[in-house]
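Please consult the sequence and the structure alongside the text.

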Amino acid sequence: MQRLSTFLGGPRLWVKREDATGLGFGGNKLRKLDYVLRQAVETNADTLVSGGVVQSNSQRQVAASAARLGLECHLAVYRGRLEPPTPDYETSGNALLVRLYGAFVHAVPWTGDRNRAIDELADRLRADGRRPFVVPYGVSNVMGAIAYASAIVEIAQQSAALGFEPSAIVACSGSAGTQAGLVVGAAACLPHTRVVGIDIDAEPERVRRDVITFAEGAADQIGVPFDASAIEVVAGHAGPAYGIPDAATIEAVKLAGRLEAMALDPVYSGKGLAGLIELIRARRWRSDEHVVFVNTGGAPALFAYRQTLGF
C-alpha cells in the first residue's frame, strides 16, 4: 500500500486481501470454513446453522458456503445488539445477500451469549428431523483458529518472495478466532513477527480471553509453542460500540478508498485500519519496517452504512 504508506509517513504497509477469496463476496471466514465445513460433510449434515447480527459478514459466508455445498442454511439473526444506524441497514448489504444465497432467517433477541440461540435453533431443526451442523458465531473455535493459521503460511511465503519479514501483522479482532489463528501461525512460521489485534467489539478483555482460549487449543492440536503474553489486543478503536463507526473509522475507510482503491467496511476492517493508523501516528514502527494489514473483508456492509459515511 505505497500511497497510504507515503501519506502516513510510517512503515512500509502491505495488505493481505482476505476480501479477495471469491466465494460470496469473499472474506476471512471462508478460510476458517474450509476446515470447519469438512466436518459437516463428513458427518453427512444436510443443514448449516449459524448466526450473527443483521449485517454479519460471517453468516453471509456461511450462507454462500451452504449454497455451494448444496446444504440448507438457517441463521439466528440477533436483534438488539445495536440500533440500526441507517434506514438501509435491515435490507441491503449482507442482509440482502444471505437471502440471495437461499438462507432461512430467524430473528432472535441479543442476550450477550453469542452461541446459545444458534445452538437452540439447531436443536429445533434436529427435532424436526434435520441433520444440522453448527457453525459458531464468527466461525470462531479451535478448528477455525487452526484453519486461519494457514493465512500466516501464505504471508510468510509471499513476504519472503518479496524480500522482507514483517515486523507486525495487524488485524481487527472480535470473535477472536482470526487473531488466534494468526498468533499460532506466527509461532510456527514467523516467530519474530508481532501479531496485533485491534478490538472492534469494545470488549478488549473478553476478546483477549477468547483469543487465548482458541490459540491454546489450536497450538496444542498442531504442536506449536504458545505464549499467552504474546497476545496483544489494542483497545480504544471500537468507537461508541460494536457496529457503530466513529470519526476515525470513517477517516480510515475513506483513506483506503481514495489512496488504495480498497473498500473496507466500517464495522470490522475499517476499525482495524483506524487502529493501525493511530499506532503509526504514535510511532510504533520505524519508517523502514514492514507491516502487513489483514483486510478481513466485509465490503457489502458499506451499502448498509452509506448515510453514516456521508455519501
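The sections below treat the basis of the model, its sheets and its helix contacts.

## Basis of the description

The model is predicted; local features require pLDDT of at least 70 and side-chain atom pairs count only at pLDDT 80 or more, whereas totals for chains, interfaces and linings use all residues. Residues are numbered from 1 along each chain as its sequence is written, and side-chain values rest on heavy atoms, with hydrogens and water left out.

Helices (H or I, at least four residues) and strands (E, at least two) are DSSP runs numbered from the N terminus. Two strands are taken to pair if DSSP finds at least two bridges between them. Axes are lines fitted to C-alpha atoms, for helices over the stretch in contact, and angles between N-to-C directions run from 0 to 180 degrees.

## The four-stranded sheet

Four strands make up an open sheet with parallel pairing, in the order β4-β3-β2-β5. Because β4 (104-109) and β5 (132-134) are at the edges with a single partner strand each, one side of each has no neighbour in the sheet. From one strand to the next, the twist averages 30°.

Strand β2 (residues 47-53) is joined to β5 by three bridges, and the two run parallel; Leu48 has Phe133 in β5 as its bridge partner. Helix α2 (residues 29-42) packs on this sheet, in contact (heavy atoms within 4.5 Å) with β2 and β5, and its direction makes about 155° with that of β5. Helix α5 (residues 116-127) also packs on the sheet, where it touches β2, β3 (72-79), β4 and β5; the direction of α5 makes about 140° with that of β3.

Between β3 and β4, which run parallel, there are six bridges, and Leu75 is partnered by Val105 in β4. The chain passes from β3 through helix α4 (residues 94-100) to β4 in a right-handed β-α-β crossover, that is, a path running clockwise from the first strand over the helix to the second when the strands point away from the viewer.

## The five-stranded sheet

A further open sheet contains five strands in the order β1-β9-β6-β7-β8, with parallel pairing. Its edge strands, β1 (12-17) and β8 (232-234), each pair on one side only.

Three bridges connect strand β6 (residues 168-173) and strand β9 (residues 290-295) in the parallel sense, and Ala168 has Val291 in β9 as its bridge partner. Helix α6 packs on the sheet and touches β1, β6 and β9, with its direction at about 135° to that of β1.

## Helix-to-helix contacts

The axes of helix α6 (residues 142-162) and helix α7 (residues 177-189) come within 7 Å and cross at roughly 50°. The two helices are therefore oblique to each other; angles under 35 degrees would count as roughly parallel, over 145 as roughly antiparallel and 65 to 115 as roughly perpendicular, with the rest oblique. Residues making the contact include Tyr148 and Ile152 of α6, and Leu182 and Cys189 of α7. By class, the contact of α6 with α7 has eleven nonpolar, four polar and no charged residues. Here Ala, Val, Leu, Ile, Met, Phe, Trp, Tyr, Cys and Pro count as nonpolar, Asp, Glu, Lys and Arg as charged, and the others, Gly among them, as polar.

Helices α2 and α3 (residues 57-69) pack at about 45°, with axes 11 Å apart, an angle that makes α2 oblique to α3. In this contact Lys29, Leu30, Leu33, Leu37 and Val41 of α2 meet Ser58, Gln61, Val62, Ser65 and Leu69 of α3. These residues divide into six nonpolar, three polar and one charged.
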